[in-house]
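These are my notes from going through one model, entry by entry. I wrote down what I looked up and what came back.

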Amino acid sequence: MGVRQLEKIGLQHDGASLEGQIAMPEGEAPFPAVLVMHNAYGLGSHVKASARALAGLGYVGIATDMYGGGVCHTTPEEAGTSLTDLHETPHLLRARCVAWLETVRALPFVDRDRIAAIGYCFGGQCVLELARSGANIKAVVSYHGLLTTGHPAEHGAVKGEVVAYCGGKDPYAPPEHVEGLRAEMDAAGAHCQITTFSEAAHAFTDPDARATARPGIEYNALANRISWAGTLALLDAVLRA
């Protein structure tokens, strides 16, 4: 299928005007849908490209906006301010993730029972918070995500598959955080698969990662390719069964 055009999709949440981007597949509705949640910089080209790619495979792809205004920051300082605002209000972060899911579930062309979410870096934390919230979602996939939380999943809360792709050289998700996520999901009785690429650093899925010129952040083509292939296999299994 060809490249899909993006259109705006918005919602109001706790005083913020959120402006995401949505890509539609060809075919007859209702469609399965996949939320694509952005990194700390905001709604950049990486998540938009993922949404378009998913639409080309028959899913409604929605690149969500967690900050407001569809912003994509250009400096670590700007990104840090937006990120900190949500990190310091974890209840707001989780509620905003759920608000996006409910917005997508209400779309008339989406099959409300066939929705998944993927997320990169900060977006990885967002999709894990969706799972922890007890939301009715088929699967979440975190790529080099932030793994810790102040509100761990309660037993029986996680409804769908949880997959985390981690970098063995990621300073933002060290081994103790990976093992902490594994222990949390085990205690919650969740179906969880964690893959660690021993040679991969943070942001290993982003071809532009090195542009940040920060240590511990680097693209890894092999880890990116394998994690995407695994994601597509998972989506096929849980959204098309």
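**Entry 1**

I started with Arg 94, which, leaving aside neighbours within four places in sequence, is in contact with Glu 129, Arg 132, Ser 133, Thr 149 and His 151; contact means heavy atoms within 4.5 Å. The model is a predicted one, so I kept to the limits that local features need pLDDT of at least 70 and side-chain atom pairs count only at pLDDT 80 or more, while totals for chains, interfaces and linings use all residues. Residues are numbered from 1 along each chain as its sequence is written, and side-chain values use heavy atoms, with hydrogens and water left out.

Arg 94 sits in helix H3. Helices (H or I, at least four residues) and strands (E, at least two) are DSSP runs numbered from the N terminus. Is Arg 94 buried or exposed? Arg 94 counts as buried because its relative accessibility is 18%; the cut-offs are under 20% relative accessible area for buried, over 50% for exposed and partly exposed in between, with a 1.4 Å probe and protein chains only.

I then looked up Glu 184, in helix H5 (residues 175-188). Its relative accessibility is 10%, so Glu 184 also counts as buried. Outside four places in sequence, Glu 184 is in contact with Arg 132, Thr 149, Pro 152 and Ala 153. Arg 132 and Thr 149 are on the contact lists of both Arg 94 and Glu 184.

**Entry 2: the sheet**

I listed the strands next. They form an open sheet of eight with the order E1-E2-E4-E3-E5-E6-E7-E8 and mixed pairing; two strands pair if DSSP finds at least two bridges between them. Strands E1 (6-13) and E8 (192-197) are at the edges with a single partner strand each, so one side of each has no neighbour in the sheet. On average, neighbouring strands are turned by 20° against each other, direction ignored. Axes here are lines fitted to C-alpha atoms, for helices over the stretch in contact, and angles run from 0 to 180 degrees between N-to-C directions.

I checked two pairs. E1 and E2 are antiparallel over eight bridges, and His 13 stands opposite Ala 16 in E2. The two strands form a hairpin with two residues between them, and Asp 14 in the turn has a positive phi of about 50°. E3 (residues 31-37) and E5 (residues 110-120) pair in the parallel sense over six bridges, with Val 110 in E5 as the bridge partner of Phe 31.

H3 packs on this sheet and touches E1, E2, E3, E4 and E5, its direction making about 130° with that of E1. Helix H1 (residues 45-56) lies across E1, E2 (16-23), E3, E4 (60-64) and E5, and runs at about 170° to E3.

**Entry 3: nonpolar cores**

A nonpolar core is a set of buried Ala, Val, Leu, Ile, Met, Phe, Trp, Tyr and Cys residues joined through side-chain atoms within 4.5 Å. Which members of the largest core touch the most others? Among its 49 residues they are Ile 62, Met 66, Trp 100, Val 104 and Phe 122. H3 (residues 90-105) gives the largest share, seven residues. I also noted a second, separate core of 24 residues that includes Ala 51, Tyr 143, Phe 197 and Ala 223.

**Entry 4: backbone exceptions**

Most residues other than glycine have a negative phi, and most peptide bonds are trans. I found a cis peptide bond between Ala 29 and Pro 30, with omega about 5°; Pro 30 is in the loop between E2 and E3.

Cys 121 has a positive phi of about 55° and lies in the loop between E5 and helix H4 (122-132). Its relative accessible area is 8%, so Cys 121 is buried. Ala 203 has a positive phi near 65°, in the loop between E8 and helix H6 (221-239). At 8% relative accessibility, Ala 203 is buried.
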